[in-house]
Amino acid sequence: MAKAGKKPIRAPIRPRPNIKFEDILSCLERNQRPHDPEFLRRVYDYTEAMHRDQRRKSGEPYFIHPIYVAYLLADLRFDQISVAVGLLHDVLEDTLTTRQELEELFGRDIAELVDGVTKIGKQSYVRRDEAQAESFRKMILASAKDLRVILVKLADRLHNMMTLEHMTPEARRRISRETLEIYAPIALRLGMSRLQGDLEDLAFYHLYPHVFADLQAGLQEKMKGAQGAHQQITKRLKSALEEAGIEADISFRVKRFHSIYRKMKRQGIDLSQLYDYLAFRIITEDLKDTYAAFGVVHQNWRPIPGRFKDYIAMPKPNLYQSIHTTVLGEKGHPFEVQIRTREMDLVAEEGIAAHWQYKEGQAGLSSTGDQKFLWLRQLLEWQKEVNDPREFLNALKIDLYPDEVYAFTPKGDVFAFPRGATPLDFAYRIHTDLGHHCSGARVNGKLVPLKTPLRNGDMVEIMSSSNRKPSGDWLKMVVTSRAKSKIRHWINTEQKQEAIAVGRRLLERELKRLRQSARKVFESERMAQYLATEGLGRLEDLFQRIGYGKIAIKRAVSQLVEKGQLEEPVEERSTLRRVVDRALGQGPLLVKGEGDMLAFLAKCCDPVPGEELIGYVTRGRGISVHSVKCPNVEQLSYDPDRLVEVEWSRRTSSVFPVYLLIETENQTGMLARLAEVIAREASNIRSCEAGTDTGKGLICMVVEVRDRRHLERIRQSIRSMKGVLAVRRQRSGGPYDGRRIRERQASSRI
């Protein structure tokens with residue numbers, strides 16, 4: 001994974017070799033966790049027997065994975081049951097073991113936990129994303145009964161990330177993205193910052209190995225050059241605290257690789273411009289000394305305005321408590337100081353493990369101490385309204401990010417929201433009806449648009465009107481899953497009623513044209529048989545499908561009326577396979593549906609062969625075909641009934657335009673070298689625009705590709721060029737297309 005001529009890239013975390021059963025027992029004893037060695041030995045021996053003939057991708061015995069997961073759980077201070085489930089977590093998925101057998105051998109609790117961790121079978125779903133989404137839904141539901149399901153899954157993912165180098169590059173990227181989007185945020189929500197940091201750094205390492213290597217080497221150089229300054233700050237801190245009579249431990253650490261990378265991207269700077277890569281930590285004995293130490297820090301160094309946060313007075317939702325302040329050191333270089341008590345430090349590092357209180361019957365969300373996991377309970381409540389597992393997964397990704405904005409009601413009640421939340425999110429947080437009828441909002445006494453982002457400390461007053469109703473545009477104004485699900489539910493209900501009315505009207509009109517009594521046809525035995533054949537429970541379901549265009553009116557009538565009474569023959573089709581080509585020779589599609597409808601590739605995402613597709617039945621325009629990763633799919637207020645299966649034809653031989661945004665160093669001849677590389681990959685450049693932005697080259701080009709693999713080869717070839725900083729695919733009309741380059745050039749001339 002290293003470039004020629006560069007030092008080998010060192011992984012941020014490596015698994016400890018040769019873990020044994022005795023190591024697990026040692027961890028439990030060291031952490032003072034009650035355990036039964038004989039019971040754990042039985043679990044260990046059973047798991048080893050079940051996985052005996054299995055191998056990992058590396059060729060090593062598979063058993064090293066469950067034993068390492070169990071070791072991680074013991075090291076994280078979790079209980080004997082968690083460790084046992086860590087050993088057994090793959091036996092239902094990868095062996096012939098049944099849940100009943102597990103229950104007979106090790107008890108009902110362990111059998112339920114192992115089943116909760118086990119993935120949904122892929123054969124039950126057409127696409128991988130559906131299976132993945134339903135597996136996460138299952139895991140969240142199982143966690144309602146016992147949070148240990150999530151904890152075992154996190155340990156499982158951590159070891160998989162440590163040993164990911166044996167997977168294909170595509171699998172590494174997919175698993176790493178999933179880790180960043182779901183697993184690391186879950187760890188953060190549980191307050192397990194150490195585990196969260198490990199997951200993020202490993203995902204960063206596998207997604208961008210060369211960027212990671214450069215950052216790793218750069219930080220080592222900065223640490224060597226500034227070692228004296230760091231020791232001087234520590235000495236000065238210690239001396240100042242002693243003079244104030246405050247007992248405290250002082251330490252400093254380099255911030256996490258992924259955290260530094262994210263900050264550099266957010267601020268648009270490189271490592272040479274980054275100074276607060278260190279966090280100094282002051283650990284005090286009690287709360288009084290914590291605030292006293294904060295005063296000492298500000299007396300000795302000048303604080304930076306706006307960089308002070310008191311998470312002790314207002315803890316984060318995951319129970320994190322600390323005082324953060326950033327001050328100016330020597331030569332004007334800033335550094336961060338975190339101040340907290342020992343108990344707070346334990347919670348900050350280990351989260352749920354620091355206040356682990358599992359007792360019999362108190363492992364679920366019903367126990368008294370579970371107010372701290374209110375986010376999980378809310379997730380369970382609104383997911384009941386979501387039918388599509390992919391919609392659930394998209395909303396889960398949003399909800400897992402930490403709440404950072406605190407807003408108040410006029411009565412002084414405080415609510416936490418994700419960054420970007422709006423007054424409309426606030427209204428739905430108060431009550432669903434208030435959200436549905438929200439007509440305006442006052443923030444800090446001033447009228448503001450409903451799409452205005454909330455800021456910390458805002459006081460929000462919601463105005464309502466009985467005449468106001470949700471619309472599709474509201475989905476673009478909200479960020480919380482609760483608000484999105486409530487708006488979608490309202491719109492889908494309205495659309496269903498409208499579709500039922502349209503479908504009924506169309507069917508009655510067609511029957512009237514054939515001189516048939518609509519009432520008699522609707523109540524006939526033939527109608528009952530037709531509904532059963534179509535898998536429809538009610539007559540309204542048939543009207544709805546006709547209204548949405550998923551069942552052609554003539555096809556329905558041909559099944560409901562005697563053939564002799566039809567004025568014209570109606571061709572029966574059980575499955576539609578209509579091949580549609582776009583004007584530029586793009587995309588033969590196989591659309592499986594119930595009506596003869598046109599299908600077209602959506603311009604918002606320009607899918608290419610190899611990408612998974614989703615079809616959405618529009619009104620009057622046929623089936624709009626999107627990539628499942630299209631950002632607009634999540635925004636569509638679709639009903640699952642309007643989704644159809646779409647796949648690429650195997651006869652596809654067309655080429656497809658793809659927008660690529662390439663960031664480069666500002667070098668002479670870069671465009672010529674790019675054109676040569678693209679031609680070498682048997683591709684053609686349809687258009688190209690280039691400019692400069694903040695000293696870097698910015699090139700937007702449209703290249704022709706045959707499928708997703710062809711696109712990946714082109715991207716890899718461009719990425720390996722000297723002077724290329726980044727290569728990203730942009731959807732047509734994306735934020736960095738040629739138009740944006742021209743706008744930036746014009747603004748720079750002004």
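**Overview of the chain.** The model is predicted. Its secondary structure amounts to 29 helices and 20 strands. The chain has 750 residues, of which 50% count as buried. When contacts between residues at least 6 apart in sequence are taken, 66% of them join residues at least 24 apart.

**Close-up of the three-stranded sheet.** The strands run in the order β10-β9-β11 and form an open sheet with antiparallel pairing. Strands β10 (446-448) and β11 (460-464) lie at the edges, each pairing on one side only. From one strand to the next, the twist averages 35 degrees. Strands of a sheet pair through backbone hydrogen bonds, in either a parallel or an antiparallel arrangement.

**Close-up of the β9 and β11 pairing.** Strand β9 spans residues 438-443 and is joined to β11 by five bridges in the antiparallel sense. Across this pairing, arginine 442 stands opposite glutamate 461, a residue of β11.

**Close-up of helix α19 on the sheet.** Helix α19, made of residues 423-430, packs on the sheet. Which strands does helix α19 touch? The helix has contacts with β9, β10 and β11. The direction of α19 makes about 80 degrees with that of β11, the edge strand formed by residues 460-464.

Key: Residues are numbered from 1 along each chain as its sequence is written. This is a predicted model: local features need pLDDT of at least 70, side-chain atom pairs count only at pLDDT 80 or more; totals for chains, interfaces and linings use all residues. Side-chain values use heavy atoms; hydrogens and water are left out. Two strands pair if DSSP finds at least two bridges between them. Helices (H or I, at least four residues) and strands (E, at least two) are DSSP runs, numbered from the N terminus. Axes are lines fitted to C-alpha atoms, for helices over the stretch in contact, and angles run from 0 to 180 degrees between N-to-C directions. Contact means heavy atoms within 4.5 Å. Buried means under 20% relative accessible area, exposed over 50%, partly exposed in between (1.4 Å probe, protein chains only).
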